[in-house]
Amino acid sequence: MNPHFYPLAIFLVSITVLLFTIIRLKINPFVSLLGVGLLTGVAIGMPLDEVTKQISTGFGQTLGSIGIVIGLGIVLGNLLAEARATEQIAALLLRAVGKKNALLAVNLTGYLICIPVFLNAVFIIYMPILRDISRKTTLPLISLVTALLIGGFATHCLVMPTPGPLAVMGTLNLPSGQFIGWSLLVALPPALLGLVAAKYLIKMPHMQIAEPNGTAEAVLEDDRKKPSGGLSLLLLLFPILLILFGSVVSEMMPKGTASRQIIAFLGDKNVAMLLGVILAGVLLRPYFKKTFEELISESGASAGLLTLIVGAGGSFGAIINGSGIATALVEWLSSMNMSLLMLGFVLTAILRAAQGSATVAAVTTSSIVAPMIAVAGANPITVGLAICCGSMCCSFPNDSGFWVISRFSGMTVGQTLRAWTLVSTLSGFVGMALTLLIDLTW
């Protein structure tokens, strides 16, 4: 019998059970990942004390790497949304490119805003703005919706500090500066595909969104002060730029010098995100309706479950590694001539289609492939990018975001499948094609 048969069979059964518990039994992914991880360790024959050790070690190491950034990223997004800085960025971009290029402005708005802010939240906030732009420019609403969604989804799935790419970065132990730089690059063509699709959908009468009764309101102005567009954009990009600056500049300086240590310290992902949150909290305070403490508390509530899921993914990955399943998978893939990049992309897309969540798909796949990278001799950054691109594919009605998009835009299910599911999946393939090109030329 093939020596790889038993570990591969256990692996397939564990993935099947994981999906069954999440999809059919509606068990939270946090509990499912931990439970299936424990059962996998026992079934493969690991000593019981080693199973519990791997579960706790994997959980702790994963959250030790990215737990702080998850919380701070959600806080920053919440601060920007509360101060209406996200709206000001859209207005700034619209003024910069002109109303004739409103689709480009909306597309770039999604690309930038969804770096720290969740796509669903961005979409809900911006729908009244899109309806207003549609009336003022005569652009069909479907084109604006598509441009925003695909532009935003590209960075939501590829660029930290959103949880999916952040989990991939932490689990694969990727250098934050390099991963951000490459992910910003890889996210651009998929985002621009949304612009192309938006222009194409303008010409399709059956794709036009009916204006439901009671939605004719314009974006209501109120007496609240708003930050300038320039300040809003600066606060959005500040931590990202600081991480990139620290990564690039510190590598150019002599090792062991005090200046290099200071720059590397400031460019550390945890420090950069904390400084970004502090700066946003100070400069945006005059524009808050809620207190800073209330916003922090709301963000903490949002971050809690996500943090647990990411940590549980690390536990599951530790079992895959410690049990020998990872080694068996690598050897089997080598015999099949399938690269680790393609495995990461395909497995993430399958998991996304099966259970709906792009974040859970990315967390699960990264925990599975992380132990294989060193054995396979693969480039960890391009493997991480491939996983993130796979998470962009296959958003079906089992994805809660599918219904958020359909409900708040007014699209039918059929329209949502075409404008959202199809285009976002194609954007994932575009990102994967660029990732393969990068890997070949690295």
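Colleague: Let me start with Gly-304: is it buried, partly exposed or exposed?

Modeller: Before that, keep in mind that this is a predicted model. Gly-304 comes out as partly exposed, because its relative accessibility is 30%. You'll find it in helix H13.

Colleague: How far is Gly-304 from Ile-319, C-alpha to C-alpha?

Modeller: The two C-alpha atoms are separated by 23 Å, and the residues sit 15 places apart along the chain.

Colleague: OK, and how do H2 and H13 sit relative to each other?

Modeller: Helix H2 covers residues 29–44 and helix H13 covers residues 292–322; their axes come within 8 Å and cross at roughly 15 degrees. An angle under 35 degrees counts as roughly parallel, so that is the label for H2 and H13. The crossing is left-handed.

Colleague: Which residues make that contact?

Modeller: On the H2 side they include Phe-30, Leu-33, Leu-34 and Gly-37, and on the H13 side Leu-308, Ile-309, Ala-312 and Phe-316 are among them. By class, the contact has 10 nonpolar, 5 polar and no charged residues.

Colleague: What about H5 and H7, at what angle do they pack?

Modeller: Helix H5 (residues 102–113) and helix H7 (residues 141–158) pack at about 30 degrees, with axes 6 Å apart. That angle makes H5 roughly parallel to H7. Here the crossing is right-handed.

Colleague: You mentioned Ser-143. Is Ser-143 buried or exposed?

Modeller: Ser-143, in helix H7, is buried, with a relative accessible area of 0%. Leaving out neighbours within four places in sequence, Ser-143 is in contact with Leu-103, Ala-198 and Ile-202. Ala-198 is 55 residues away in sequence, yet its C-alpha is 4.2 Å from that of Ser-143.

Colleague: Which loop holds Thr-138?

Modeller: Thr-138 lies in the loop between helix H6 (119–137) and H7. Thr-138 isn't a glycine, but its phi is positive, about 65 degrees. At 70% relative accessibility, Thr-138 counts as exposed.

Colleague: And Cys-394, what's the phi of that one?

Modeller: Phi of Cys-394 is near 65 degrees, again a positive value in a residue other than glycine. Cys-394 is placed in the loop between helix H18 (380–390) and helix H19 (400–409), and counts as buried at 18% relative accessibility.

Colleague: Changing topic: how many aromatic pairs are there?

Modeller: The count comes to 3 aromatic pairs. One of them is Phe-345 with Phe-429, edge-to-face, at 5.2 Å centre to centre and 75 degrees between the planes. That pair links distant parts of the chain: Phe-345 is in helix H15 (residues 340–355) and Phe-429 in helix H20 (residues 413–441), 84 residues apart. Phe-345 is buried at 5% relative accessible area, while Phe-429 is partly exposed at 48%.

Colleague: What about Phe-402 and Trp-403, how do the rings sit?

Modeller: Their ring centres are 5.2 Å apart and the planes are at 75 degrees, so the pair is edge-to-face. Phe-402 is buried at 0% relative accessibility, whereas Trp-403 is partly exposed at 42%.

Colleague: Last one: what does Thr-421 touch?

Modeller: Not counting residues up to four places away in sequence, Thr-421 touches Ser-395, Phe-396, Phe-402 and Thr-416. Thr-421 lies in helix H20 and counts as buried at 6% relative accessibility.

Definitions and conventions
Residues numbered from 1 in each chain as written. Predicted model: local features only at pLDDT ≥ 70, side-chain atom pairs only at ≥ 80, totals over all residues. Heavy atoms only, no water. Axes fitted to C-alpha atoms, helices over the stretch in contact; angles between N-to-C directions. Helix = DSSP H or I, 4+ residues; strand = E, 2+ residues; numbered from the N terminus. Parallel < 35°, antiparallel > 145°, perpendicular 65-115°, else oblique. Left-handed = near helix turned anticlockwise from the far one by under 90°. Contact = heavy atoms within 4.5 Å. Nonpolar A, V, L, I, M, F, W, Y, C, P; charged D, E, K, R; others polar. Phe/Tyr/Trp six-rings, centres within 6.5 Å; stacked < 30°, edge-to-face > 60°. Buried < 20%, exposed > 50% of the residue type's maximum accessible area, 1.4 Å probe, protein only.
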